[in-house]
Amino acid sequence: MPTGFFTTVCIGCKVCEVACKQWNQLPDDGFTFTGMSYDNSVDLGASTWRHVEFVERPVPLSGQTGGNFSWLMLSDVCKHCQRAGCLENCPTGAIIRTEFDSVYVQPDVCNGCGYCVVGCPFGVIDRLESDGRAWKCTLCYDRQKDQMEPACAKACPTDSILFGEVAELRAKAGERLEQLHARGVKEAYLYGADAAGQPGTGGLNAFFLLVDRPEVYNLPPDPVAPAKYVKESWASLAMASAGLLLAAIGAVWSART
Amino acid sequence: MNDGRYIDTSIATLEGEASHQTPPKQEAKIQPVPSAPPGPVPTYYDKPAIKPPVWIWSIPAYFFVGGVAGASMTLGLAVQLFGGKRLRRFDERCRWIGAVGGGVGTALLIHDLGRKTRFLFMLRVFRPTSPMSIGSWVLALATPLSAGSALLTLSRGWLYDAGYAAGMAAGFLGMPLATYTAVLISNTTVPVWKGSRRTLPLLFGASSAASLGSVLDLMPLRDRERAIARRFGIAGRIAELAAARAVEREASAIPRVGKPLHEGATGALWKAATVFTGASLAAATLLPRRRILAGALGLLGGACVRFAIFYAGKRSALDPQATFLQ
């Protein structure tokens, strides 16, 4: 049963962050003031599995009346990629794909090698210093086991975070996109909704409706799971290995008596 | 009526103390701090778009030590195949360098683990999409094979044959052992590593050969052994210098991506690597009697290469522009 989220009408209330922290009993991020608009949790990490971004732009949204300013909010989360860089990199088999088609780190297996951290094109997963293991959003695996939707989706007051079958979510997202286009918000588009739109990840189980370039939301324009482009590196390794052997044979051969 | 008060006059009256005030010009007051500054590539408050590697110094140290070990196993193979009986002692030395290097390398890797006691979980599965998984298996097989061959070839009969076979196997595993770490770091989203993925294995292979040559320079050897070590080391140093230029060029295809190799502490380290390796090459070719100098300079150059590439990667991961342009 594939499941996923999508985010459209976020109002930046951060209840998803709170619900996530409460359900998963995650520690707080420290009560610091960053000066980055209302964003004080800064990024996703080992103990921040939901992160609401606040983008302040000195330009209006299409169809917006009055004001040379627009505010974009996005509740960021692990995307549970179809081709997950973290999972492909994990050497211990700690990271698995669950029966709900989500990507899950098994804490009893993870040995904290840190390779998933650099495998994620979105900077989601991180190693917790105090604990030595890698952590990220579980898509509320425990709640899903009990046929409940994830805590963030449950708590979201505007239904900006929707949860359900990915195919249904895609259809809903398509409808929403048409509505927005009809209303004059021509810049709206879907990010990572399917493999055709984002071949590098094979599509995201948590995809987004955006109204500006992905970089504005700190999302890479073309995320790719590393194993997709590393083939060139293996070819280079073969050449380097051959070179090493030839140099060794050459040195021994040329110094024969 | 939008006068800044947002009061619906059909259900409320404007009778408050300051209801006579003319509304200030709203637009003029708004001076937003753009979170996405205008430019070719916007960012989110210039925050990193990916997580920087969590690895510490022991990882580039392993790149260096593991490289020497891998190159040594490979040289051992060549000696075994083409060296004849007189070079047996040299062969044994190569295998010991391989075994000790593999052992020290393993310790360095475990030192970086978040959960050190779970180091054996590295061999829990074999995952072909993960160069770290492949590398763990290569290291775990090559190290005991190299030690075993060094020990067993001292004996006779079938034990010798087993040692001979182990030496062959270690030799073939030594090649990927010396180079897989380059594939491992290329297989990431870190801009400078990802951006030099075609040439990085060549640099790591060449640097391994140069560093092994330098290690052997520091050891007492017989004449013929010395000649082999010197030739191998010189070839390695030339290749290292050439491959470093290739890496720099590939990484700098997008200038922002190659930036850490040109600027700051990592840029200085990268330049130092070239200077040390160049000086070591000059010493090895022009001053054959100053082998200690050549060896020391070569080791410094090799270490600088690994640490420069490693810390350049850490820095480039913090630059969202580089991540987005990649």
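1. A residue is called buried under 20% relative accessible area, exposed over 50%, and partly exposed in between. B:Arg89, at 39% relative accessibility, therefore counts as partly exposed. The model is a predicted one, and the accessibility classes below belong to that model.

2. B:Arg89 forms a salt bridge with B:Glu225, the N to O distance between the side chains being 3.7 Å. The two residues sit in distant parts of the chain, 136 residues apart: B:Glu225 belongs to helix 8 (residues 223-251) of chain B and B:Arg89 to helix 3 (residues 88-112) of chain B.

3. Over all chains, the count of salt bridges is 18.

4. Which chains does the pair B:Lys51 and A:Asp43 join? The side chains meet in a salt bridge at 3.7 Å, N to O. B:Lys51 is in the loop between helix 1 (26-29) and helix 2 (58-82) of chain B, and A:Asp43 is in the loop between helix 1 (15-24) and strand 2 (50-57) of chain A, so the contact joins two chains, A and B. B:Lys51 is buried, at a relative accessible area of 7%. A:Asp43 is partly exposed, at 36%.

5. Within chain A, the side chains of A:Arg213 and A:Glu215 form a salt bridge, with 3.0 Å from N to O.

6. Chain A is divided into domain 1 (3-224) and domain 2 (227-257). The C-alpha centres of these two domains of chain A lie 43 Å apart.

7. The mean pLDDT of chain A is 92, and 97% of its residues reach 70 or more. Where in chain A is confidence lowest? Strand 1 (residues 3-7) of chain A has that place, with a mean of 68. Confidence is highest in helix 2 (residues 85-89) of chain A, at 98. Where pLDDT is low, the predicted coordinates should not be read in detail.

Notes. Residues are numbered from 1 along each chain as its sequence is written. Chains are lettered from A and ligands numbered from 1 in the order in which they are written. This is a predicted model: local features need pLDDT of at least 70, side-chain atom pairs count only at pLDDT 80 or more; totals for chains, interfaces and linings use all residues. Side-chain values use heavy atoms; hydrogens and water are left out. Domain bounds come from an automatic or database domain assignment. pLDDT is the predictor's confidence in each residue, from 0 to 100. Helices (H or I, at least four residues) and strands (E, at least two) are DSSP runs, numbered from the N terminus. A salt bridge is a side-chain nitrogen of Lys or Arg within 4 Å of a carboxyl oxygen of Asp or Glu. Buried means under 20% relative accessible area, exposed over 50%, partly exposed in between (1.4 Å probe, protein chains only).
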